[in-house]
Amino acid sequence: MSKLHLVFGGKVKDPQGLDFSDLPNLHIVGMYDNYADAEEAWRAQAQRTVDDAEMKYVVVHLHRLLEPEV
């Protein structure tokens, strides 16, 4: 199984949290089969929105959700 990673972002209620305030408008950056590519995509989006404290991008390790014991 590939080690899938999802990169997405959007407006958050609190910049220190992960409570997204506008779920219908989340920006799905993409799915990646390795962490290095996912991190590169995350970094590019985070840098693009660095001046907006309400915008947050994250990397989700989908492979850990699909097979938590691995």
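Is Glu69 buried or exposed, and with what relative accessible area? Glu69 is exposed, at a relative accessible area of 74%. The legends below cover the whole chain and then several close-ups.

This is a predicted model: local features need pLDDT of at least 70, side-chain atom pairs count only at pLDDT 80 or more, and totals for chains, interfaces and linings use all residues. Residues are numbered from 1 along each chain as its sequence is written, and side-chain values use heavy atoms, with hydrogens and water left out.

**Figure 1. Overview of the protein chain.** Two helices and three strands make up its elements. Their order from the N terminus is β-β-α-β-α. Helices (H or I, at least four residues) and strands (E, at least two) are DSSP runs, numbered from the N terminus. Along the principal axes, the C-alpha atoms fill a box of roughly 35 × 20 × 20 Å. Of the 70 residues, 24% are buried. Buried means under 20% relative accessible area, exposed over 50%, and partly exposed in between (1.4 Å probe, protein chains only).

Figure 2. A contact means heavy atoms within 4.5 Å. Among contacts with a separation of 6 or more, 62% join residues 24 or more positions apart. The chain exposes about 5,000 Å², and carbon and sulfur atoms supply 52% of that area. Accessible areas come from the Shrake-Rupley method with a 1.4 Å probe; for residues, only the protein chains shown count as cover. The chain carries 7 positive and 12 negative charges, with mean positions 2 Å apart. Lys and Arg count as positive, Asp and Glu as negative; His and the chain ends are not counted. Each charge is placed at NZ of Lys, CZ of Arg, CG of Asp or CD of Glu.

**Figure 3. The aromatic pair Phe8 and Phe20.** The structure holds one aromatic pair. Phe8 and Phe20 form this tilted pair, 5.4 Å centre to centre, with 50 degrees between the planes. Phe8 lies in strand β1 (residues 5–11) and Phe20 in the loop between β1 and β2 (27–32), so the pair ties together parts 12 residues apart in sequence. Both Phe8 and Phe20 are buried. Rings of Phe, Tyr and Trp (its six-membered ring) pair if their centres lie within 6.5 Å; planes under 30 degrees apart count as stacked, over 60 as edge-to-face and the rest as tilted.

**Figure 4. The largest nonpolar core and Val12.** Six residues form this core: Leu6, Phe8, Val12, Phe20, Val58 and Leu62. A nonpolar core is a set of buried Ala, Val, Leu, Ile, Met, Phe, Trp, Tyr and Cys residues joined through side-chain atoms within 4.5 Å. Beyond its neighbours within four places in sequence, Val12 touches Gly17, Asp19, Phe20, Ser21, Glu54 and Lys56.

**Figure 5. Gln45 and Ala44 in helix α1.** Helix α1 spans residues 35–48 and includes Gln45. Gln45 counts as buried because its relative accessibility is 15%. Neighbours within four places aside, Gln45 is in contact with His27, Val29 and Tyr57. Ala44 counts as partly exposed, at 43% relative accessibility.

**Figure 6. Glu69 and Asp37.** Glu69 sits in the segment after α2 (62–66). Glu69 and Tyr57 are 12 residues apart in sequence and 26 Å apart in space, C-alpha to C-alpha. Asp37 belongs to helix α1. At 35% relative accessibility, Asp37 counts as partly exposed. Asp37 and Asp19, 18 residues apart along the chain, have C-alpha atoms separated by 25 Å.
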